[in-house]
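This report describes selected aromatic contacts and strand pairings. The sequence and structure are shown first.

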Amino acid sequence: MQRIETSLPGVFELRPVIHRDTRGLFIETYHKAKFADLGIADTFVQDNHSRSAKGTLRGLHYQLRNPQAKLCRVVEGEALDVAVDIRVGSPNFGNWTSVLLSAEEQNQIYIPIGFAHGFLALTDTVQFLYKCSDYYEQADEHGIAWNDPALKVCWSVSAPIVSEKDAKYPTLAQVPRELLPKHPTK
């Protein structure tokens, strides 16, 4: 597994060794000890799977009291995966990075605690899988507007398919600071 840094410290792409032959392919998608060597020491407790049609945008989500690190990958299609640093006191507060995830490349993105997360389905069908370091708690679900003009995330789409809930999220500037995670050094 190869670790590739992104523009945000702590968020990185992982590229596996893919064994292909006439039967198909084989990859190791998770190995706790090997991932710890790459800097991922989280214990993942929940796996999620979503299926999305082209143009579907999910996010930008986070949990505050039950924060989740995420390890994301695509097993069908392609998705633009985005992480936004929303940790109050972070030198990268409000900055974002993205990784193009694809079933062909079998790459992954690791997103640590303290980041909002979202993705855009780029192909007709996207099967998106992700591991979480804490359990989903509906009462602890928060979000940032996917189209926050101050963030300037380059989604490359002007009218994505979004849920009613995601369409109502506030901009980062509108979120009270007590409803955002704190940077570990602050």
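Two strands pair if DSSP finds at least two bridges between them; strands (E, at least two residues) and helices (H or I, at least four) are DSSP runs numbered from the N terminus. The model is predicted: local features need pLDDT of at least 70, side-chain atom pairs count only at pLDDT 80 or more, and totals for chains, interfaces and linings use all residues. Residues are numbered from 1 along each chain as its sequence is written, and side-chain values use heavy atoms, leaving out hydrogens and water.

Strand β7 (residues 70-76) has five buried residues out of seven, where buried means under 20% relative accessible area, exposed over 50% and partly exposed in between (1.4 Å probe, protein chains only).

| β10 (residues 108-111) | four | Q108 |

The whole structure holds five aromatic pairs, meaning rings of Phe, Tyr and Trp (its six-membered ring) with centres within 6.5 Å; planes under 30 degrees apart are stacked, over 60 edge-to-face and the rest tilted. Because Y30 lies in the loop between β4 (24-26) and α1 (32-37) and F44 in the loop between α1 and β5 (46-53), the pair ties together parts 14 residues apart in sequence. Y30 is partly exposed at 26% relative accessibility, whereas F44 is buried at 16%. Together with F35, Y30 and F44 form one aromatic cluster.
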